[in-house]
Amino acid sequence: MQRQKSILSFLRKPESTSSGKPIVLDASDEEIKGIDTPPEKVPRRVFADSRPSLFSSIKHKFEKVDNSKHSESRCEEDNTSTVRSLPLQSDGPEDPSNVYLVPKQHNKHNVLNDSRTMSSEGDSRCSFRNTFEDDVLGPDTPGTRPLVPRLKRVQEDICNFEDKAGFSLPDNKKKTKFLQGFNVLKKNGDKDSETISKFEWLHPSRIKDANGRKLTDPLYDKRTLYIPPDALKKMSASQRQYWNVKCKYMDVVLFFKVGKFYELYELDAEIGHKELDWKITLSGVGKCRQVGVSESGIEDAVQKLIARGYKVGRMEQLETSEQAKSRGSTSVIQRKLIHVITPATSCEGNIGPDAVHLLAIKEDGLLKNGSMSFGFAFVDCAALKFWIGSISDDASCAALGALLMQVSPKEILYESRGLSREAHRALKKYTLTGSNPSQLNPSDTFGEALEVRNIIESNRYFSGSSDSWHHILDGAMLGDHELCALGGLISHLSRLMLNDVIRNGDILSYEVYKGFLRMDGQTLVNLEIFNNNADGGPSGTLYKYVNNCITSSGKRLLRNWICHPLQDVAKINNRLAVVEELMANPEIMLLIAQSLRKLPDLERLLGRVKSSFQSSSIILLPLIGHKILKQRVKAFGSLVRGLRIGIEMLILMQKHGSLSTSLSRVVSLPMLSGSEGLDQSLAQFEAAIDSDFPNYQDHNVTDLEAETLSILMELFTEKATQWSQMIHAINCIDVLRSFAISAVSSCGAMCRPKFTNSFVETMPPTLHMKGLWHPYALGENGGLPVPNDIHLGGDGTTHSPCSLLLTGPNMGGKSTLLRATCLAVIMAQLGCYVPCESCSLSVVDIIFTRLGATDRIMTGESTFLIECTETASVLRNATQKSLVLLDELGRGTSTFDGYAIAYAVFRHLVESVNCRLLFATHYHPLTKEFVAHPRVLLQHMACSFDCASKMSSQVDQKLVFLYRLASGACPESYGMQIALMAGIPSSVVEAASKAGQVMKEMVGESFKSSEQREHFSTLHEEWLKSVLSLSQTVEVDFDNDAFDSLFCLWHELKRSCKEIT
């Protein structure tokens, strides 16, 4: 220990006293005396020529020691300060408080136990030694490691080698005793002596939040930490500076700026060690566990932590060490938490083209009719846009699922006790991969609506919005729960020090369903719109198929369009007209593509420029202000250059007559040319950039240039609304061009869909598709799928069936046909060409799907329960304009129960709703019941047996799938052949076939009677009973059901007469 004190005194800067004697560090001091302010980090010169006397005084410490007894005594002395490493418990960013280490009491009577214990007296003497205040250590590199005698290094290397190799080297005189003792100490836990927290209030059994609640308390707030007042009093100024901030941000990885380095302490150091593989050392703020990184590596480290789901904050120095010393020798450098970056608020780095959203949800509780209402608000910090709205939902939370699928948030904020069980299930079900739901503490509720209004007005939030927030809130007729959700979002952003985002952001209303083709969350999952069901990736999805966009902002707009297909026929045809014009002019498409490839992300650049306006506090920081100004100049210059390319492209398209006319019906362009046009304004900003910031990509900004930049940005943001309109127009062109590319480059037939403009209530809806094929499903041998024709509904003059009852063998292509029909409807109402030879349809208002068989064990939902839940949503909400897909309903329960439910649901949709319905089933008796129904069309997926097969039994013959839609019902599902294809042993299949024959013989009469139902089914019986009941009434009141019964009887009589003749 004396040797260590000597080395430490050598590394410290010499200080003179009145007596002229050197200062000796006293380990008994509770606080380090002297200057708290650390010097700037510079490379340490250990063997300085200017200090020969100091080196000579400790030169004997670096000489080879031949006395083995002295080595052993020194080893024993060093062990008195060692501590045992406890296992780490941290699993991720959600609960960093799981990692806590604490020293134990020291046992003076056992040298071996010294490796596991630490003297409590020594702890009190050394607990607050502050090495970073005197000479701060940086990252653990060979050049900055403390000096260790060569003999000790060799001994440690030999010891480590023996542990890894599993054998011992031959005894070597005096080294043997030292190595034996060293190995024993390692076995008792001395291997990681520098990874133990000395703060007892960080132990899991003692840690508390700011309100004094322990970890076991259900109301424990993991964002705060209680630090005993006595502990704070014993801390140095720098320690208090760090812990005063950290105790309020325990859920944030907090970087502390020290000279030229950023350091993490205690629990954050464990995260840095785990995630970034940094070595933990005992230094920094009062001998804390510490890891660090230089200024050049901080950005990369922050991005890596954010990518792993952590929140990251940075405490920056507000002054240099020289400035701090000028205020007094004991002054500490002033520091401040600048901002906190989370996965949902990251604006820089590699965040990708997709929008990054932070969503807040407020549930309004159950209404009188059993439904529930949700208010929501979400923000895209990179684009500087807020959205607010509300949805009404039922127990299935289908609308909430649609919101989550559309927004795809990175983080979700909600009150921990403010959501129902159904809402929690929806969050678990629809939260996408990489999302990080954040549960708020009950004490931090979203607040009352009136309080939120007052906060917005007093802080002048959304003052930079193109529309007044009063106009948005009043025009959208928002309720209290929407404002409460917005208040929760604002409170969260304020805690993250993102007030500039709130102040300068645009606020807009958001509609989940209103005015658009409605697709709930389950439909988006079933149809694989954005993520496939195999691995959750984008391949094999509709978004991937139509995404030929070049710009990142165009890709985000395309996703928004897919979530909101249109219902307005005029708007759909306007989009189709632009796509058709682009397809007819490939040279224009080529010029557009060349311009789009030169564009940066204009939407996000505009957001960065707007957020920088009136946010000058951060640029006053002496060490990072110039760096931020440099980034602002680059962003502003890139935005101006990009807008010039965009304006030239728009002017070029305006010169094309027909294309310009069609485009003007889709997007609203501001005035581009003339003295008041954007072209002239942009030329002035270009001139300013050329004169003041010619090298804007890498320009070091002076104080005078900073003022010039501020004036330019203020003038530029005065027309932010017009710039935003122009960027939106460019994005629309990118998306429409993507639609044109999808149609031109398609391998199969593509056509422009035709919509029936008038929808007469008395006439059934229509859906006619000829040569329909699945746009991204591959057929056999990698070719195109087999095209098929779909005809549902009449043409306006005749009544045709609107419901298709589809049968066929397993793997015959039923589900593919159902999905292809839905995808074609979505593409048509997007304004895109559809994959078929011809397409005519009336507008669809809602698409429902019940596909596949899944269960959710973790939420206690069985396969059949999920089937019934999804079916219930269909029966409650389907209208005559809807398109409904039901695939094998009723297979999750017994045969008779499943058949009964399938029969009842199918009949209800056919007779009561009369929507466009595609119903795939293996219940063949259904075909007998509805074969004569005038509103039902029976078809099946054709198949045949391989004629070349020499097998005598049909079960053993090879089944060939034709994937062609044929008329009538399929005789059976050929389950035995599918079982053989799946690899079930032939002996088992043969036994199953024999068992099937026995069952048919046992119920032969029932099968025979079921075959006769084709001529007189249960439907005929009920129709006849209805007519008889009507004939017995005195005053006949013909309602819709009565007319339906008479119509069906008339249809049957007409059919029978044709058969007789």
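1. Let's start with a pair of side chains: Arg-644 and Glu-686 meet in a salt bridge, with 3.1 Å from N to O. (A salt bridge here is a side-chain nitrogen of Lys or Arg within 4 Å of a carboxyl oxygen of Asp or Glu.) Arg-644 sits in helix α24 (residues 625-654) and Glu-686 in helix α26 (residues 678-692), so this contact ties together parts that are 42 residues apart in sequence. Both Arg-644 and Glu-686 are buried. (Buried means under 20% relative accessible area, exposed over 50%, and partly exposed in between, with a 1.4 Å probe and protein chains only. Helices, H or I with at least four residues, and strands, E with at least two, are DSSP runs numbered from the N terminus.)

2. Before you go further, keep in mind that this is a predicted model: local features need pLDDT of at least 70, side-chain atom pairs count only at pLDDT 80 or more, and totals for chains, interfaces and linings use all residues. Residues are numbered from 1 along each chain as its sequence is written, and side-chain values use heavy atoms, with hydrogens and water left out.

3. How many salt bridges are there by this rule? The count comes to 29. Another one to find joins the side chains of Asp-601 and Arg-556, at 2.9 Å from N to O. This pair links distant parts of the chain, 45 residues apart: Asp-601 is in the loop between α22 (586-597) and α23 (602-612), while Arg-556 is in helix α20 (residues 552-563). Asp-601 counts as buried at 17% relative accessibility, and Arg-556 is buried too, with a relative accessible area of 11%. Zoom out a bit and you'll see that Arg-556 and Asp-601 belong to a network of salt bridges with Lys-385, Glu-603 and Arg-604.

4. One more salt bridge deserves a look: the side chains of Glu-316 and Arg-314 meet at 3.2 Å, N to O. Are these two buried or exposed? Glu-316 is buried, with a relative accessible area of 2%, and Arg-314 is buried at 13%.

5. Now for charge on the surface. Asp-364, Glu-448, Glu-451 and Asp-480 gather there in a patch of negative charge.

6. On to the sheets. An open sheet of 7 strands runs in the order β13-β19-β20-β21-β17-β22-β23, with mixed pairing. (Two strands pair if DSSP finds at least two bridges between them.) Its edge strands are β13 (518-519) and β23, each pairing on one side only. Within the sheet, strand β19 (residues 846-850) and strand β20 (residues 883-887) pair in the parallel sense over 4 bridges; Phe-848 stands opposite Val-884 in β20.

7. Strand β22 (residues 936-945) has 8 of its 10 residues buried, so it is largely enclosed by the rest of the structure. What are its partners? With strand β17 (residues 803-807), β22 pairs in the parallel sense over 5 bridges, and Thr-807 stands opposite His-940. Strands β14 and β18 (residues 838-841) run parallel and are joined by 2 bridges, with Lys-754 opposite Ser-840.

8. Most residues other than glycine have a negative phi. Cys-397, though not a glycine, has a positive phi of about 55 degrees. Cys-397 is in the loop between β9 (385-393) and α12 (398-407) and counts as buried at 1% relative accessibility.

How values were computed
Patches are made of residues with over 30% relative accessible area and no salt bridge: like charges are joined within 9 Å, nonpolar side chains (Val, Leu, Ile, Met, Phe, Trp, Tyr) within 5 Å. Accessible areas come from the Shrake-Rupley method with a 1.4 Å probe; for residues, only the protein chains shown count as cover. Lys and Arg count as positive and Asp and Glu as negative; His and the chain ends are not counted. The place of a charge is taken as NZ of Lys, CZ of Arg, CG of Asp or CD of Glu.
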